[in-house]
Structure formats: C-alpha cells, structure tokens
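Me: I would like to learn how to read a few features of a protein model, taken slowly and one after another. Could we start once the structure is in view?

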Amino acid sequence: MKFLDMSIMHDNIKLEIMKAIEKVYDSNWYVLGNEVSEFEKEFATYCGVKHCIGVGNGLEALHLILKGYDIGKGDEVIIPSNTYIATALAVNYVGATPIFVEPNERTYNINHNLIEDSITSKTKAIIAVHLYGQTCDMNPINEIAKMYNLKVIEDNAQSQGALYRGRKSGSLSDAAGISFYPGKNIGALGDAGAVTTNDDELANKIRSLRNYGSSIKYFNEYKGYNSRLDELQAAILRVKLKYLDEWNDYRNMIANIYLENIKNKDVIVPYTLENCKHVYHQFVIKTRYRDELQKYLKYNNIDTMIHYPVPIHKQKSYQELNYLKGKLPIAENISEQILSLPIYPYISKEEVYKLSNLINKFRSGINW
C-alpha cells in the first residue's frame with residue numbers, strides 16, 4: 001500500500017489537463033497571461049477573498065507577504081514550534097527572527113493560549129499554520145493580534161478548502177500563503193503558490209514584488225523578485241480547482257473509516273475542532289510506540305511517513321537555536337510519536353479497512 005498515489009485522480013482528469021496544456025502551448029504566452037489571471041480570480045472566489053496573487057511556491061508566498069508588510073531586521077514573528085521548516089525560513093528571508101510557540105496537543109496547531117506570553121515590543125506578526133488539513137482556532141488569534149496591533153498570516157500550505165466557522169482557509173487573516181506543491185490537496189504538476197488577501201495595498205505590492213518589483217515593464221518601484229506562477233501551472237490548477245471539494249470530501253470519507261475503525265488503545269487519532277471542517281491533507285496518529293508501529297506496518301507492506309521527525313529548533317541548519325532544546329517539549333514529543341497514514345483520492349476503502357485492522361492487532365513488544 002503506497003503512502004501516496006495520485007494516478008487514479010490524475011487519470012480521471014488527464015484529458016482536461018492535456019487540453020489545458022495544449023491551450024497554453026498554442027497561445028504562445030507563457031508568463032503572467034490569461035491563465036494566471038483567470039486562476040487568480042477563480043481561487044479568490046473559492047476562498048472568499050478579494051485578491052489572489054499567483055507566485056512561485058508556498059515559501060515565496062509567505063516571504064512576499066512579510067516583505068509586503070515591511071517586516072524585517074530587528075522584528076520578531078511568532079510561529080508554531082510544530083511546523084515545516086518553510087514557515088521559519090520565510091521569516092529569516094526578510095531578516096526577522098522566528099519566535100516559537102508550542103502547539104495544542106490535540107490539534108497540533110499553535111496554542112493561542114500561549115501566544116501572548118511571547119509578544120514583545122519587537123513582535124510584528126503571527127503566522128498561524130493550518131497543519132495537516134485543519135485550520136487553527138483563528139478567532140482568539142485574531143483578537144490577540146488586534147490587541148497588540150499585529151498582522152496575522154495564515155500558512156495555508158496544507159488546508160486548502162478547510163472551513164473555520166463557515167469560512168474558508170485563506171480568508172481568516174490579513175493574508176495567507178498557499179502552496180500548490182504536487183502532493184497538496186490541490187497541487188500543480190510542479191512548484192506553484194499564491195497569496196490570498198483582502199488587503200488592496202498588500203495585493204498590489206505583492207503583484208509588483210513577484211515581478212522584479214515592477215508593475216509597469218522596465219519601471220521598478222521595489223527591489224523585487226522573480227516569483228511568478230507560470231501559465232502552464234495556472235492552467236492545470238484551473239482544472240483541478242473544479243474537483244477540490246470532491247477530493248476533500250473523499251479524504252473525509254477515508255478519514256471517517258480510520259476514525260470509526262481504529263480502536264487500539266495505544267493509538268490517538270486526529271481531533272477536529274468544533275465548527276471546523278478538516279480536509280485531511282494528512283491523517284496523523286500518535287503513539288508512544290511510533291517507530292515499532294511503523295516497522296510493523298512496513299512489514300505488512302504499508303508505507304507511512306512522519307510529518308515531521310525533527311523540530312525546526314533541532315535542525316542542523318538552525319543550530320543557533322540549540323538553547324531551545326528541551327524548552328519546547330510539546331513539539332519534541334510530537335516529533336517522536338506521530339505517524340501519517342495513507343490518505344488521498346482515490347485510495348481503496350478496502351485497503352483502509354485492512355490497515356485499520358492491522359493497527360488494532362498491533363501490540364508493542366510482540367514479534368510479527
């Protein structure tokens with residue numbers, strides 16, 4: 001059983017994808033053309049925001065938002081201690097300092113009750129990472145930000161289509177960075193990303209920053225970047241966007257099979273906040289016997305993954321944060337105990353039942 005297999009999903013839409021690619025090929029316009037502008041309109045409408053700006057990838061989306069808000073050297077940005085390294089890299093790219101806040105142990109997302117203790121006079125923004133397919137608890141985060149005049153940025157790399165109190169992820173803050181990496185709930189056939197926002201000034205600035213700092217050719221308002229969503233990927237994403245809700249519903253159906261059938265007392269299954277719709281980019285279980293369970297499942301031809309095995313503050317690339325080892329115990333504990341099970345459209349329901357039963361039969365210390 002593969003951890004991820006997109007072949008059925010892609011086979012179902014192959015003709016539409018090929019027609020979209022052919023249309024771009026025949027247009028002879030490959031950068032910032034009609035496909036990008038139409039996708040930006042369609043994705044903005046889907047998320048329920050005024051603006052979508054296509055960029056090169058999800059990391060660049062976060063980077064450009066921070067740059068657009070003039071966050072830089074000497075500033076601090078609050079991020080969760082349990083996240084992918086891209087969240088921290090974006091902060092470092094603008095010269096600011098990431099300040100880590102521990103997650104809620106049930107949702108794995110940033111714990112809003114701990115944010116205020118980390119706010120200083122240098123704090124300029126909070127990045128709320130919607131991890132594994134579920135949004136953060138955004139109302140209290142936005143209330144804290146309002147009290148301290150901070151920007152709130154969603155890292156929406158993993159939760160496209162998720163709902164928080166009836167509103168889509170990507171519309172719950174000042175701006176959101178989106179990743180369309182191929183394995184995401186809606187993924188391109190290569191790297192791609194976007195920014196969503198209702199902030200007119202920010203949207204205009206990012207449109208310029210992504211294109212060498214220019215909104216009129218050869219006239220440059222800013223020292224910008226080359227970070228543009230290309231026409232081919234935009235055309236592919238336009239096709240896929242039509243199926244995103246269907247694919248998310250399938251993920252929910254598979255997740256419900258896991259939730260209803262995994263009964264092993266040593267395994268903790270995902271928890272969903274009230275008034276939220278999870279879209280299960282990953283189905284992440286937790287157990288004290290993670291490594292042993294992973295080997296057991298591999299022995300039974302089941303592929304799994306760990307998201308993520310090493311917290312950012314323990315990465316070699318962040319060795320300057322060695323002083324934080326042991327001071328972020330929740331993130332460290334999560335990294336040692338979580339395991340992601342296969343979930344994607346259109347994974348076989350029979351295989352999911354089989355995997356659930358295998359987990360129920362697992363016992364630590366027993367040979368298999």
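Me: Which residue in β7 does L163 stand opposite, and how should I read such a pairing?
Reply: The general idea is that two strands pair if DSSP finds at least two bridges between them, where strands (E, at least two residues) and helices (H or I, at least four residues) are DSSP runs numbered from the N terminus. In this predicted model, local features need pLDDT of at least 70, side-chain atom pairs count only at pLDDT 80 or more, and totals for chains, interfaces and linings use all residues. Residues are numbered from 1 along each chain as its sequence is written, while side-chain values use heavy atoms, with hydrogens and water left out. Here L163 stands opposite K168 in β7, and strand β6, residues 163–164, pairs with β7 in the antiparallel sense over two bridges.

Me: What is the order of the strands in the open sheet of three?
Reply: The order is β7-β6-β12, with antiparallel pairing. Because β7 (167–168) and β12 (276–277) stand at the edges, each with a single partner strand, one side of each is left without a neighbour in the sheet.

Me: Which strands does β4 pair with in parallel?
Reply: Three bridges join β4 to strand β2, residues 76–80, in the parallel sense, and E76 stands opposite T123 in β4. Five bridges join β4 to the parallel strand β5, residues 151–155, with A125 opposite K151 in β5. From β4 the chain crosses through helix α6, residues 138–148, to β5 in a right-handed β-α-β crossover, meaning that, with the strands pointing away from the viewer, the path from the first strand over the helix to the second runs clockwise.

Me: Why is β4 described as largely enclosed by the rest of the structure?
Reply: A residue is called buried under 20% relative accessible area, exposed over 50% and partly exposed in between, using a 1.4 Å probe and protein chains only. Six of the seven residues of β4 (residues 123–129) are buried, so this strand is largely enclosed by the rest of the structure. Of the 368 residues of the protein chain, 57% count as buried.

Me: How many disulfides does the structure hold?
Reply: A disulfide is a pair of cysteine sulfur atoms within 2.5 Å, and the structure holds zero. C47 is in no disulfide, and the nearest cysteine sulfur, that of C52, is 7.0 Å away. C47 is buried, with a relative accessible area of 4%, and C52 is buried as well, with 3%.
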